[in-house]
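Please look over the protein shown here, and then read the report that follows with the structure at hand.

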Amino acid sequence: VSVYKPFLWTAIRSLSPSSLSPPRGPMALRSFSPAASARSVHPSLTAASLLPSRTGSIRAPGNIHGGNISLGKHMSSLSSSSNYVRPQEGANAFFSSHLVSRNSKRRARVLRCATIEEIEAEKSVIEKDAKERMDKTIETVRASFNAVRTGRANPSMLDRVEVEYYGSPVSLKSIAQISTPDGSTLLVQPYDKSSLKAVEKAIVSSDIGLTPNNDGEVIRLSIPQLTSERRKELSKVVAKLTEEGKVAVRNIRRDAIKAYEKLEKEKKLSEDNVKDLSSDLQKVTDEYMKKIETIQKQKEKVRSLKIVGIKFYGLLGDGRRKSCWYEEEIEQNLRWCFALNSILHTGSSQYQDIALLDTKPFGKALVLDGKLQSAEMDEFIYHESLVHPALLHHQNPKHIFIMGGGEGSTARETLRHRTVERVVMCDIDQEVVDFCKSHLLANKEAFFDPRLHVIINDARAELEKRKDKFDVIVGDLADPIEGGPCYKLYTKSFYEETLKPRLNQGGIFVTQAGPAGVFSHTEVFSCIYNTLRHVFRYVVPYSAHIPSYADTWGWVMASDSPFTLDAEKLDSRIRQRIEGENRYVDGKTFASASILSKAVRKSLAKETQLYTEGTAKFIYGRGNCTDIAST
């Protein structure tokens, strides 16, 4: 039966004094067409009785029994469900005097009504498809960036090289093993030695700008330092890849909007619905655009291959360096620098730049993205303060989870506790872990301890998938820097939904919380403290001065069980549980560290901001590379 929607509602208006409008959106009856003029309407049908119900059927006078609606003596019934309104015999007799029936055999006299559930399902499919395609675009952009030469050997640099192999073009990595024996060399070893010439020819004809050295067994590629001209060329390549990624994301948004407009034409969505959905889609699109820009900035940072934060001042007559200094911008108009003996090693990973420096005042120092992480002379202050208070306050800490801590110092201090049976260290950056294993000799023993299990993964994803629980969780994460990967691990939702459920009864969480000086504590320390205070019943902030950081540093310890140990009991547990002697932490030191200055105490008491993804606070700076200056 085909019915004209405006005709039906014109008839309804004639019965009701109130102003009614035809239904829109998902409640609208579809496939209506002109049939007859509105000369008469049966008296049993009123405006109220014909209003669409929540399920998409028509309410009519009479009694409702299960799926059937009784219509009185003039009509038999309407068989009702969430999807269909089917006129029965009496109803057909009534309607036939006023309406024209078309295609009755083909349509079986069924009026199709779209339900909220059906439309929500279609919208969900469109949104899911758009996000999945955008995620794939991000992966493609990242893979394309990895193939751009940065000055440091990386097998992904050869991802786009294709070799003519038995008359067909194939990917180089499918017919050869590619390895990096050191940071400046790529080693290509074909599985079939007869293909060496073809591989060599493919590399020469590619756009990677490397000259292969074929010794008859393997092909070696030496990665030279980038010239200024080559940097400019690569900068254009990166910009082009970035724009291609953005265009792909915009095309996905266009396709999704077209799908919404199609639903509007089918009367499943109103014009306002489409506008709202398009606005939400634009927000998602903007997020993915920012992701692409972040990847671009990271690539440009690595591509520049400048030694982060290092400047050379003065040259001797024979061209040798007179002095070399490390420099870090702590805040606007304030920089911290000290002299270097040498640059021991530099490198880069997918996530950050890495440098190991031999400094004059602090010995070996690990620098990530231009930010000093730890120095040989005073790292014990930071790591003892981070680990020992939490483990000593726990009754019997056996199972420990470390978020971050790739350098191994936190694991080293944790493994000194005799009660500890298993330590899981989860760091996202494999290259940082490998770098520290090779170059930080003080932590080599910890890396080979059988109780330590190193996992390369995002800490949030790892905790979400695990079923086991821990006595203590330690947050040895990088500082929350804008654009960095770690700030989401300081949020209330992460603490509440992911971290806390992974703690055993009486479990303790402790995290580094950034600068805690009189002027610097408002950057992130006070906000992290207040956030944990809304998740755990008992929260203890404490701080200590770290000379190489040029500031006081803060930590926050939290639990649903009270912290009751005084200085004497802490000292007693230190003697019973910890192998060797602490260089910094004892009972009195911790008691002193947990008594903050008057200014900081007042500030923490007044703090109201919670750390969320939408209201995140960041430490000053992004860890950008700085130029090497020679004078």
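## A buried leucine

Leu 158 has a relative accessibility of 0% and therefore counts as buried, a word that stands for under 20% relative accessible area, while exposed stands for over 50% and partly exposed for what lies in between (1.4 Å probe, protein chains only). Leu 158 is placed in the loop between H4 and strand E6 (162-165), where helices (H or I, at least four residues) and strands (E, at least two) are DSSP runs numbered from the N terminus.

When residues up to four places away in sequence are not counted, Leu 158 touches Leu 172, Ile 178, Leu 186, Val 188, Ile 208 and Leu 221, a contact being heavy atoms within 4.5 Å. The C-alpha atoms of Leu 158 and Ser 206 are 9.2 Å from each other, although 48 residues separate the two along the chain.

## How to read the model

This is a predicted model, in which local features need pLDDT of at least 70 and side-chain atom pairs count only at pLDDT 80 or more, whereas totals for chains, interfaces and linings use all residues. Residues are numbered from 1 along each chain as its sequence is written, and side-chain values use heavy atoms, with hydrogens and water left out.

## The protein as a whole

The secondary structure comes to 18 helices and 24 strands, and of the 631 residues in the protein, 48% are buried. Among the contacts between residues at least 6 apart in sequence, 65% join residues that are at least 24 apart. The accessible surface is about 31600 Å², and 50% of this belongs to carbon and sulfur atoms; such areas come from the Shrake-Rupley method with a 1.4 Å probe, and for residues only the protein chains shown count as cover.

## Two charged patches

On the surface, Glu 127, Asp 272, Asp 276 and Asp 280 gather in a patch of negative charge. Patches are made of residues with over 30% relative accessible area and no salt bridge, like charges being joined within 9 Å and nonpolar side chains (Val, Leu, Ile, Met, Phe, Trp, Tyr) within 5 Å. Lys and Arg count as positive and Asp and Glu as negative, while His and the chain ends are not counted. Helix H8 (residues 271-304) gives the largest share of the negative patch, three residues, whereas Glu 127 lies in helix H4 (residues 116-146) and is partly exposed, with a relative accessible area of 35%.

A positive surface patch is formed by Lys 598, Arg 601, Lys 602 and Lys 606. Lys 602 belongs to helix H18 (residues 598-606), and its relative accessible area of 46% makes Lys 602 partly exposed.

## A buried charge without a partner

Arg 573, in helix H16 (residues 567-577), is buried yet has no salt bridge, and the nearest side chain of opposite charge, that of Asp 566, is 9.3 Å away. A salt bridge is a side-chain nitrogen of Lys or Arg within 4 Å of a carboxyl oxygen of Asp or Glu. Arg 573 does touch Leu 392, His 393, His 394, Gln 395, Leu 565 and Ile 578, again not counting residues up to four places away in sequence.

## Two positive phi angles

Most residues other than glycine have a negative phi. Tyr 166, which is not a glycine, has a positive phi of about 55 degrees; Tyr 166 is in the loop between E6 and strand E7 (168-171) and, at 68% relative accessibility, counts as exposed. Ala 550 also has a positive phi, near 60 degrees, and is found in the loop between strand E23 (538-546) and strand E24 (551-559), where Ala 550 counts as partly exposed at 33% relative accessibility.

Terms used: The place of a charge is taken as NZ of Lys, CZ of Arg, CG of Asp or CD of Glu.
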